[in-house]
Every structure is written in structure tokens, then in C-alpha cells.
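Welcome! Let us take a guided walk through this structure, one region at a time.

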Amino acid sequence: MKLGFIGTGVMGSAIVRHLQKAGHEVTVYNRTKAKTDGLVKEGAVWADTPKLVAENSQVVFTMVGYPKDVETIYYGEEGIFTADVSDKVLVDLTTSTPTLAERIAETATEKGAAALDAPVSGGDLGAKNGTLTIMVGGEEAVYEQILPLFREFGTTFTLHGKAGKGQHTKMANQIMIAGTMTGMTEMLVYAQKNGLDLEKVIETLSGGSAANWSLSNYSPRILREDYTPGFFVKHFIKDLKIALDEAEKISLTLPATKQALDLYEQLADKGFENDGTQALIKLWWPNGQKPEKKS
């Protein structure tokens, strides 16, 4: 199948490789062209604009940073919707706003195309290993059509309802992760301060009711002082703001999520917005280095 992929960052590049490995012809575009060089060497085709990606593809995937980037990719000059998209399927993997997802789906229908909002969870490791969780909003027939492609880079995929419902589900996911990330961070700080062996603590907690994805995947990185981004701090801040905005629309207060946002904004203010979300511990451990035990 002729596929398009717009946005070849850490996760996007990994997804493209899975699609290429499955035998699909993939046309790629990224705002920074150099980030597609490796993919092109491996067989992907470069296109100069999102419009050209759409013209050369039956299905177009998009995965960019912020809702404003999604809007530009679809509605901007030389954007996807400036192409003839009739009979094509547009799949946005970006964590964006439900409102924008609904707008894209409406525009796609008007132009004879179909659209799915399909944000993912699983970070860089999930993308690399092809084990992402994919949360989908859109029409069931379109979902069934794209499901074989989802299977190439994900292991869990669910249609949650009409356009926008995938994004709402991702917000629920990020609200949950906000709690596990703050809990995991404060757990490490507490355990270290009380002189515990952190590797033993992680092993013990991972075998009980405290087990969670953040603990399993991020606490070992912290112990290695590895703050490379599986998921950027700046993007998590974006997600939490969307979640809180959506909650406000339905008169819902989420104090724990708000506190998590405050902490991550403090982290960004200290210059760590391009670190991975595990860098939250830098609010307690300078530069992310575990304090030495006092004799």
C-alpha cells in the first residue's frame, strides 16, 4: 500500500520503519528534512510538502508536536487539504484536541475522504518495539479498514466512538500517567532519603500493587541518569493543559492533574523542557544525580 507519514520524530521514525518492514511504500515529510535522511536511505520517499505526501498516498499518517502543528499540516498553505484527498484516509496519531479532531473529520468528509484521530501511548520503546496502544475516534468502517496498519506498530487498539473520542481517551491516559509519574518520582526521593537500596525497592514494588508502567520503564532510566526523551517534558505539559481545558469545559476539577502540570512547568522553567518526563526528579536531585549516601 502507498502510505504517507508526516512527522518523523523519535516515535514517528520508528513507526515508519515498521510500516516499511511490512512492505509498504512510505512517502515522508518532516519540517526538518534532515530527520528523514535515515528513513530515505532505508527506502522511504521524500516529499517537499504535506500536500505532495497526500497526493502520493492512499493513507496519510500525521504525528507532530502540538495542535497548532496539526492545524498547519492539514489546513496550511501546501497542507493536506490543499490536495485532492477524495477516497483517502487521514490518520492523526498526534495527541491533540478533540475539537480539532472533529474539525478534521468534518473537513475530510466534505472532501470525500475519511479521518481517524488515533493518538498513541507507549513512548519511544513502544514505538521501537511495535507495541503501542492506539486510541481511536472515527467511523467503524474506516477503523476496520486501517486496523491491519495499526497492527504493524501497535498491540492494543480500540475504537472509542466518533471523531474526537480517541483524543478524549488519550487525555484519560495522560491524567493517569500524571499520577504514576509524580508517584514514582516521589517514591524514589523518599526511598533514597531513608537510605534504601533503590534497585531493591523498585524490584519489590514492581511485584506488588504499586506496579505500573512508569515504575517499570522510567525508574531504571533515572538510576542510570538517562534523561533522554522517550516523551518530551514540553509535550507532556501540552497534553496536561489539553486535559485540564477539556475538564473545565464539563465543570470538572482535577486537582492532582493540576499539581502534576505545575511541577512539570517548574521543571521546564529550569530549562529541562526537552528532557524526557522522567526528568521530573531533577526538582529534587540536582541535574538528576542521585545524592550520595551520608556516612
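Which residue is the bridge partner of Val120 in β8? The partner is Ile134.

## Before we start

This is a predicted model, in which local features need pLDDT of at least 70 and side-chain atom pairs count only at pLDDT 80 or more, while totals for chains, interfaces and linings use all residues. Residues are numbered from 1 along each chain as its sequence is written, and side-chain values use heavy atoms, with hydrogens and water left out.

Strands are DSSP runs of E with at least two residues, helices are runs of H or I with at least four, and both are numbered from the N terminus. Two strands pair if DSSP finds at least two bridges between them; β7 and β8 (residues 132-136) have 2 bridges and pair in the antiparallel sense.

Axes here are lines fitted to C-alpha atoms, for helices over the stretch in contact, and angles between N-to-C directions run from 0 to 180 degrees.

## The sheet of 6 strands

Another open sheet has 6 strands in the order β3-β2-β1-β4-β5-β6, with parallel pairing. β3 (45-46) and β6 (114-117) stand at the edges with a single partner strand each, so one side of each has no neighbour in the sheet. Strand β2 (residues 25-29) runs parallel to β3 and is joined to it by 2 bridges. Within this pair, Val28 has Trp46 of β3 as its bridge partner.

Helix α5 (residues 98-110) packs on the sheet, touching β5 (89-92) and β6, and its direction makes about 165 degrees with that of β6. In the loop between α5 and β6 we find Ala113. Is Ala113 buried or exposed? Ala113 is buried, because its relative accessible area is 12% (buried means under 20%, exposed over 50%, partly exposed in between, with a 1.4 Å probe and protein chains only). Leaving aside neighbours within four places in sequence, Ala113 is in contact (heavy atoms within 4.5 Å) with Val85, Ser86, Asp87, Lys88 and Ala108.

## Helices around α10

Now for helix α10 (residues 213-223), where Ser214 lies. Ser214 is buried, with a relative accessible area of 2%. Apart from residues up to four places away in sequence, Ser214 touches Thr180, Met181, Met184 and Ser219.

Helix α8 (residues 165-193) packs with α10 at an angle of about 45 degrees, their axes 10 Å apart. α8 and α10 are therefore oblique to each other (under 35 degrees counts as roughly parallel, over 145 as roughly antiparallel, 65 to 115 as roughly perpendicular and the rest as oblique). The contact joins Thr180, Met181, Met184, Met187 and Leu188 of α8 to Ser214, Leu215, Tyr218, Ser219 and Ile222 of α10. These residues divide into 7 nonpolar, 3 polar and no charged (Ala, Val, Leu, Ile, Met, Phe, Trp, Tyr, Cys and Pro count as nonpolar, Asp, Glu, Lys and Arg as charged, and the others, Gly among them, as polar).

Helix α9 (residues 198-206) also packs with α10, at an angle of about 180 degrees and with the axes 11 Å apart. α9 and α10 are therefore roughly antiparallel to each other.
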